Amino acid sequence: MSSLSTTPAQGPPVKSTLAGDPDMAELVAEFAAEMPQKTAELTRSWEANELGAIQRLAHQLKGSSGGYGFATVGKAAASVENTLIRLGNGDAQATLERLRFEFNILLDLLKRVTV
């Protein structure tokens with residue numbers, strides 16, 4: 001597959017909309033602490049061309065991110081998942097380029113997640 005962006009995360013920190021909620025603070029912190037591992041898993045899957053693993057991880061992030069107040073991460077994960085679904089339809093090369101673009105956005109967001 002095409003190469004990933006190796007630039008460091010750019011942009012402001014991605015913070016949870018629930019960060020100020022004392023009932024959610026510990027859960028949000030735990031979720032944020034998992035992002036380096038999720039980033040590494042996604043990167044390994046990309047490098048191994050494991051599209052099924054990428055789709056599974058994106059689906060998990062899509063489902064969980066919103067519940068922890070990280071809607072932007074959830075939207076980016078949904079874009080990756082939806083692009084993977086479209087990969088079998090139409091112009092595969094254009095879809096792969098779109099997937100790389102969406103995937104890099106997701107990785108950048110994950111690298112910027114903080115409490």
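Predicted model: local features only at pLDDT ≥ 70, side-chain atom pairs only at ≥ 80, totals over all residues.
Residues are numbered from 1 along each chain as its sequence is written, and side-chain values use heavy atoms, without hydrogens and water.

**View 1. The stacked pair of Phe-31 and Phe-70.** The ring centres are 5.5 Å apart and the planes lie at 25°, so the pair is stacked (centres within 6.5 Å, planes under 30 degrees apart). Phe-31 belongs to helix H1 (residues 25-33), while Phe-70 sits in the loop between H3 and H4, 39 residues apart. Phe-70 is buried, at 1% relative accessible area. Ring pairs join Phe-31, Tyr-68 and Phe-70 into a cluster.

**View 2. Helix H4, residues 71-86.** Its 16 residues reach 22 Å from first to last C-alpha, close to the 22 Å expected at 1.5 Å a residue. Among the buried residues of H4 are Val-73, Ala-77, Val-80 and Leu-84. The cover over the buried residues of H4 includes helix H3 (51-65) and helix H5 (92-112).

**View 3. The packing of H2 and H5.** Helix H2 (residues 35-47) and H5 pack at about 160°, with axes 9 Å apart. The two helices are therefore roughly antiparallel (angles over 145 degrees). Contact (heavy atoms within 4.5 Å) involves residues including Leu-42 and Trp-46 of H2 and Phe-103 and Leu-107 of H5.

Conventions:
Helix = DSSP H or I, 4+ residues; strand = E, 2+ residues; numbered from the N terminus. Expected span 1.5 Å × (residues − 1). Buried < 20%, exposed > 50% of the residue type's maximum accessible area, 1.4 Å probe, protein only. Phe/Tyr/Trp six-rings, centres within 6.5 Å; stacked < 30°, edge-to-face > 60°. Axes fitted to C-alpha atoms, helices over the stretch in contact; angles between N-to-C directions. Parallel < 35°, antiparallel > 145°, perpendicular 65-115°, else oblique.
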